[in-house]
Amino acid sequence: LGVKIIRGSGLSAEGLTLSALKEDDYKAVFIGIGLPEPKRESIFEGLEMDQGFYTSKDFLPLVAMASKPGMCACRSPLPSVHGTVIVLGAGDTAFDCATSALRCGARRVFVVFRKGFTNVRAVPEEMELAKEEKCEFLPFLAPQKVVVKRGKIVAMEFVRTEQDADGNWKEDQDQVVRLKADIVISAFGSVFNDPKVKEALSPIKFNKWGLPE
């Protein structure tokens with residue numbers, strides 16, 4: 001079809017830029033890089049996998065490499081998951097993490113999300129599979145604190161969320177829930193934060209969520 005593939009070059013201020021491509025007389029540019037970075041809330045800053053914290057972008061690739069022979073040249077074991085796992089989020093990825101955690105050895109898995117069941121973004125099949133595999137769902141909870149002892153996660157604290165008359169979601173700091181946990185997997189979605197790539201995409205502007213306007 002006449003497609004030209006250029007390797008070893010990427011979007012950055014020192015490499016390919018949107019302005020340079022336009023100057024080279026390209027009529028249109030399709031940017032399909034997705035959202036490569038996990039959304040990581042401030043309460044998880046500094047936490048690592050050996051302490052029991054994963055993002056979905058850490059956890060699921062490890063599962064895939066171990067469970068799909070031929071995906072890469074390496075031989076990787078499944079992630080070592082034990083005890084109680086908390087998965088944060090209500091999308092397809094969150095439920096995928098939950099069922100994968102059970103297959104990796106978790107004894108009990110809680111899927112915790114901020115809103116109610118009517119706000120779950122996952123397709124019904126993903127949620128039903130997690131239910132069949134005995135994952136437990138805890139709606140109306142927002143994460144507030146990770147409890148770490150001797151370098152390992154031992155629990156998480158949440159506050160209750162409620163919807164007011166105007167439809168806005170509020171956190172009730174007086175209603176606190178503490179869950180014991182050995183592993184926490186954050187599946188709150190993805191973001192796009194690389195400053196060099198954003199500079200390369202100028203004059204495109206980005207909103208507060210890091211998405212193109």
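This report describes the strands, pockets, salt bridges and backbone details of one protein model.

The model is predicted: local features need a pLDDT of at least 70, side-chain atom pairs count only at pLDDT 80 or more, and totals for chains, interfaces and linings use all residues. Residues are numbered from 1 along each chain as its sequence is written, and side-chain values use heavy atoms, with hydrogens and water left out.

## The sheet

Helices (H or I, at least four residues) and strands (E, at least two) are DSSP runs, numbered from the N terminus. Strands of a sheet pair through backbone hydrogen bonds, either parallel or antiparallel. In this model, five strands form an open sheet in the order E2-E9-E3-E4-E5, with parallel pairing. Two strands are taken to pair if DSSP finds at least two bridges between them. Strand E2 (53-55) and strand E5 (136-138) are the edge strands, and each pairs on one side only. On average, neighbouring strands of this sheet are turned by 20° against each other, direction ignored; for such angles, axes are lines fitted to C-alpha atoms, for helices over the stretch in contact, and angles run from 0 to 180 degrees between N-to-C directions.

The pairing of E2 with strand E9 (residues 183-186) is parallel and extends over three bridges. Ser-186 in E9 is the bridge partner of Thr-55.

## The pockets

Rolling a probe the size of a water molecule over the atoms shows where empty space is left. On a 1 Å grid over the protein atoms alone, a pocket is an open set of points where a 1.4 Å probe fits, with protein on both sides within 12 Å along at least five of seven lines, and lining residues have an atom within 4 Å of a point; a cavity is a set from which the probe cannot get out. Grid points are joined across faces, edges and corners, and a volume is the space filled by probe spheres set on the points.

The largest pocket holds about 440 Å³ of space. Its lining has 15 residues, and the closest to its centre are Ile-6, Leu-16, Leu-21, Tyr-26 and Val-29. By class, this lining has 10 nonpolar, three polar and two charged residues. Here Ala, Val, Leu, Ile, Met, Phe, Trp, Tyr, Cys and Pro count as nonpolar, Asp, Glu, Lys and Arg as charged, and the others, Gly among them, as polar.

The second largest pocket has a volume of about 350 Å³. Ala-90, Arg-114, Lys-115, Arg-121 and Phe-188 lie nearest its centre, out of 16 lining residues. Strand E8 (residues 169-180) gives the most to this lining, with three residues. The classes in the lining of the second largest pocket are six nonpolar, four polar and six charged residues.

## The salt bridges

Side chains of opposite charge can pair when their charged atoms come close. A salt bridge is a side-chain nitrogen of Lys or Arg within 4 Å of a carboxyl oxygen of Asp or Glu. The whole structure has five salt bridges, and the table lists some of them.

| Pair | Distance, N to O |
|---|---|
| Glu-133 and Arg-103 | 2.7 Å |
| Arg-108 and Glu-136 | 2.5 Å |
| Glu-157 and Arg-178 | 3.0 Å |

Glu-133 is partly exposed, at 24% relative accessibility; buried means under 20% relative accessible area, exposed over 50%, and partly exposed in between (1.4 Å probe, protein chains only).

Glu-157 is buried, with a relative accessible area of 19%, whereas Arg-178 is partly exposed, at 48%.

## Backbone details

Gly-34 lies in the loop between helix H1 (18-23) and strand E1 (37-38). The C-alpha atoms of Gly-34 and Phe-192 are 8.1 Å apart in space, while the two residues are 158 residues apart in sequence.

Asp-25 is also found in the loop between H1 and E1. Its phi is near 75°, a positive value in a residue other than glycine. Arg-150, likewise not a glycine, has a positive phi of about 50°. Arg-150 belongs to the loop between strand E6 (141-149) and E7, and is exposed, with a relative accessible area of 82%.

A cis peptide bond, with omega about 15°, joins Ser-202 and Pro-203. Pro-203 is found in the segment after helix H5 (195-200).
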